[in-house]
Amino acid sequence: MYERKKLMDFEQLKLKYNLPNSEFLSYLRIRAYLETLHKSTYKFHGDLIKLFHMPKKGKTNFTRRIYDFIDDKNTFVKSPPMQHWEREIGREFPQDKWASATKYATLTFKCVAHCEASIKTTLRWYFTPNRLSLMYPGTSACCWRQCGQTGTLYHILWNCPKLKEFWSSIFLLIRQVLQVEVEPTPELALLFIRIATFPTNSRRLIGLILIHSKLVVTRHWKALEPPAASEVISALNTTCRYESKLPTTMINITLRDMTWGPWQKSRHYVQ
Ligand SMILES: [Zn+2]
């Protein structure tokens with residue numbers, strides 16, 4: 001099942017061994033077992049994420065959607081959550097941008113919590129004030145920070161006036177550490193759209209800075225005051241120490257050094 005030390009995906013195996021589509025679930029089981037053997041951190045596979053993005057057709061159950069997914073595997077569908085994000089941000093993004101952002105978000109991080117946070121944001125799984133007010137009539141749909149505006153996911157994570165200084169500090173941090181020009185946009189900060197336009201050696205640290213920022217925002221989203229950028233710096237130092245202790249079977253040393261080299265050179269931030 002391996003080619004050049006990489007686990008083959010189901011499409012490759014199908015072509016090589018003439019497998020029927022009905023073997024897809026067996027493939028998933030074997031792959032999960034092999035990943036356990038290698039003691040690698042579980043990575044959400046981009047293809048599986050596409051499955052969750054597939055729009056529901058009527059009352060079809062999840063098994064039906066799996067079969068639809070197998071039949072329609074090569075088509076990347078812009079899902080309803082993606083269309084919702086585009087409406088809120090006020091810009092449309094081409095499907096290839098969504099596809100590469102989803103792939104980046106699901107395959108880059110070593111920590112399951114980071115993968116989970118990025119998937120939950122793209123799929124809009126968070127319970128925000130406006131969503132809760134629809135589920136529980138009578139409750140307020142206003143932002144928890146009491147800015148007076150409706151607490152949508154876009155507002156709570158990005159557009160709240162109380163977050164303006166926080167996100168400015170985060171993008172300043174990226175510029176200072178990585179010496180790159182970066183425009184503060186919600187599509188990059190929340191969804192990793194256009195992260196592929198940055199140099200390869202900067203991309204992973206940018207992603208880690210942004211995912212930690214998002215986690216810090218969600219951790220404090222019920223507080224009246226916005227979070228501090230220092231909490232993001234502290235979390236990044238913890239992740240840097242964690243990855244430095246990972247065995248080489250779990251992280252590529254070149255990738256680790258490329259990610260954390262600029263961070264460790266920024267003595268101002270390293271603790
Ligand atoms: Zn607000």
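Author: Let us begin with S266. Leaving aside neighbours within four places in sequence, S266 is in contact with Q176 and V177. Two residues are in contact if their C-beta atoms, placed from the backbone, lie within 7 Å. Please note that this is a predicted model, in which local features need pLDDT of at least 70, side-chain atom pairs count only at pLDDT 80 or more, and totals for chains, interfaces and linings use all residues. Residues are numbered from 1 along each chain as its sequence is written.

Reader: How many residues apart in sequence are S266 and V177, and how far apart in space?

Author: They are 89 residues apart in sequence and 6.1 Å apart in space, C-alpha to C-alpha.

Reader: Where is S266 found?

Author: S266 is found in the segment after α14, which covers residues 253-265. Helices (H or I, at least four residues) and strands (E, at least two) are DSSP runs, numbered from the N terminus.

Reader: Does S266 count as buried, partly exposed or exposed?

Author: S266 counts as partly exposed, because it has 14 C-beta neighbours inside 10 Å. A residue is buried if 20 or more other C-beta atoms lie within 10 Å of its own, exposed if 12 or fewer, and partly exposed in between, with C-beta atoms placed from the backbone.

Reader: OK, and the whole chain? How many helices and strands are there?

Author: The protein chain has 14 helices and two strands. Of its 271 residues, 24% count as buried. Among contacts between residues at least 6 apart in sequence, 55% join residues at least 24 apart.

Reader: Which residues touch the most other members of the largest nonpolar core?

Author: That core has 40 residues, and A101, L157, W158, F192, I206 and I209 touch the most other members. A nonpolar core is a set of buried Ala, Val, Leu, Ile, Met, Phe, Trp, Tyr and Cys residues joined through C-beta atoms within 7 Å. The largest share, eight residues, comes from α12.

Reader: F192 is on that list. Where does F192 lie?

Author: F192 lies in the loop between α11 and α12. F192 is buried, because 26 other C-beta atoms lie within 10 Å. Its phi is near 65°, a positive value in a residue other than glycine. Leaving aside neighbours within four places in sequence, F192 is in contact with A101, Y104, A105, S118 and G207.

Reader: What about N18: what is its phi near?

Author: The phi of N18 is near 55°, again a positive value in a residue other than glycine. N18 has its place in the loop between α1 (10-17) and α2 (24-37). With 7 C-beta neighbours inside 10 Å, N18 counts as exposed.

Reader: Switching to α7: which of its residues are buried?

Author: In helix α7 (residues 112-122), the buried residues are C115, S118, T121 and T122. Seen down the axis of α7, they fall within an arc of 135°, so they line one face of the helix. The arc is that of the directions from the helix axis to the C-beta atoms. On the other side of α7, V112 and A113 are exposed.

Reader: What do the buried residues of α7 pack against?

Author: They pack against α5 (80-89), α6 (95-107), α11 (186-191) and α12 (200-219).

Reader: At what angle do α7 and α12 pack?

Author: The angle is about 75°, with the axes 10 Å apart. That makes α7 roughly perpendicular to α12. Axes are lines fitted to C-alpha atoms, for helices over the stretch in contact, and angles run from 0 to 180 degrees between N-to-C directions. Angles under 35 degrees count as roughly parallel, over 145 as roughly antiparallel, 65 to 115 as roughly perpendicular and the rest as oblique.

Reader: Which residues make that contact?

Author: On α7 they are H114, A117, S118 and T121, and on α12 they are I211, K214 and L215.

Reader: And how do α12 and α14 cross?

Author: Their axes come within 8 Å and cross at roughly 75°. The contact is made by N201, R204 and L205 of α12 and M258, T259, P262 and W263 of α14.
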